[in-house]
Amino acid sequence: MKKINPNIDKNNRVISIRNLKKSFDDFDVLKGVDLDLYQGENLVVLGRSGTGKSVLIKIIAGLLKADSGDINVLGSDLNNLTSVELDQLRLKIGFSFQNSALYDSMTIRENLEFPLVRNQKNLSRHEIDRIVNIVLEAVELSHTINQMPSELSGGQRKRIGIARTLILKPEIMLYDEPTAGLDPITSIEINKLINGVQKRFNTSSIIITHDLTCARSVGDRIVMLLDGQFQYEGSFEEVFAAGDDRVKAFYDYNFIE
Ligand SMILES: Nc1ncnc2c1ncn2[C@@H]1O[C@H](COP(=O)(O)OP(=O)(O)OP(=O)(O)O)[C@@H](O)[C@H]1O
């Protein structure tokens, strides 16, 4: 179980969402989601496949538009931003995708430099090297700097993906299935990294996962998405104390089968 995180600031909501709805054709995916993320917090979103977890974080990252609802991210009302303002806000949000999305033809250094060179055009060579070294060291992979992604393990690629997300110093981190496809030991290392990132970079994070070991070790708070709404919220133990059969089935699948 995760220790109480002293860095959470309950007076500072970095994300605040009310009554968010999103449908695709006649399929209602999100049916009135309310969510708060506090500064310094790791919030885990649990839910079965297809319940809309990825849709939710894509809306938060401005990659998809909600049909209705109030969405405030880092003090900005997402419904009222110009495209330039949205681009600026996106730079403060790190999105760690399920498949790490590294460029296969670039070295690790080039992969890490890419977002920096594209978004901060007046950085000196020395400054770029300094920032690359900081994030590589944070994910404990400094020695891979000149390697190609194909030479790394799945877990290492995942760590480099997280390093690349950190390079623009995001205030919010969104992790989509950070341990998917990894063995249990590598998954534990990723969980430690997520907690390490929170402490070292003072980020606030939403972590989407089916992996309850991940949820238990990184989540300061857990919410469960069921039928398009958050229905249970609290510590890991509180959420799984709920008598709901759907919650119980989720737990049993992870720990029994
Ligand atoms: N761009 C889209 N167009 C149409 N339907 C979509 C689109 N994006 C998502 N959906 C649908 O919305 C539903 C929720 O998708 P989403 O990817 O958010 O699920 P999820 O909870 O993240 O699932 P998983 O755990 O398997 O990743 C799915 O039925 C999906 O087919």
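Predicted model: local features only at pLDDT ≥ 70, side-chain atom pairs only at ≥ 80, totals over all residues.
Is helix α1 mostly covered or mostly uncovered? Mostly covered: 6 of the 8 residues in α1 are buried.

## Overall build

The protein has 9 helices and 10 strands. Its radius of gyration is 18 Å, close to the 18 Å that the globule rule gives for 257 residues, so the protein is as compact as a globular protein of that length. Along the principal axes, the C-alpha atoms fill a box of roughly 55 × 45 × 40 Å.

As for the inside, 38% of the 257 residues count as buried. Now look at contacts with a separation of 6 or more: 70% of them join residues 24 or more positions apart.

## The open sheet

One piece to trace by eye is an open sheet of 6 strands, which runs in the order β6-β7-β8-β3-β9-β10 with mixed pairing. Its edge strands are β6 (93-96) and β10 (229-234), and each of these pairs on one side only. On average, neighbouring strands of this sheet are turned by 20° against each other, direction ignored.

Helix α5 (residues 154-166) packs on this sheet, where α5 touches β6 and β7 (172-176). The direction of α5 makes about 165° with that of β6.

As a reminder, strands of a sheet pair through backbone hydrogen bonds, either parallel or antiparallel.

## Around the ligand

Which residues are around the ligand? They are Phe24, Val29, Gly47, Ser49, Gly50, Thr51, Gly52, Lys53, Ser54 and Val55. Sorted by class, that shell has 3 nonpolar, 6 polar and 1 charged residues.

Helix α1 (residues 53-60) gives the largest share of the shell, 3 residues.

## Back to helix α1

So which residues of α1 are buried? The list is Lys53, Ser54, Leu56, Ile57, Ile59 and Ile60.

After α1 comes Gly62, whose phi is positive, near 75°.

Definitions and conventions. Residues numbered from 1 in each chain as written. Helix = DSSP H or I, 4+ residues; strand = E, 2+ residues; numbered from the N terminus. Rg over C-alpha atoms; globule rule 2.2 N^0.38 Å. Buried ≥ 20, exposed ≤ 12 C-beta atoms within 10 Å, placed from the backbone. Contact = placed C-beta atoms within 7 Å. Near = placed C-beta within 6 Å. Nonpolar A, V, L, I, M, F, W, Y, C, P; charged D, E, K, R; others polar. Pairing = 2+ DSSP bridges. Axes fitted to C-alpha atoms, helices over the stretch in contact; angles between N-to-C directions.
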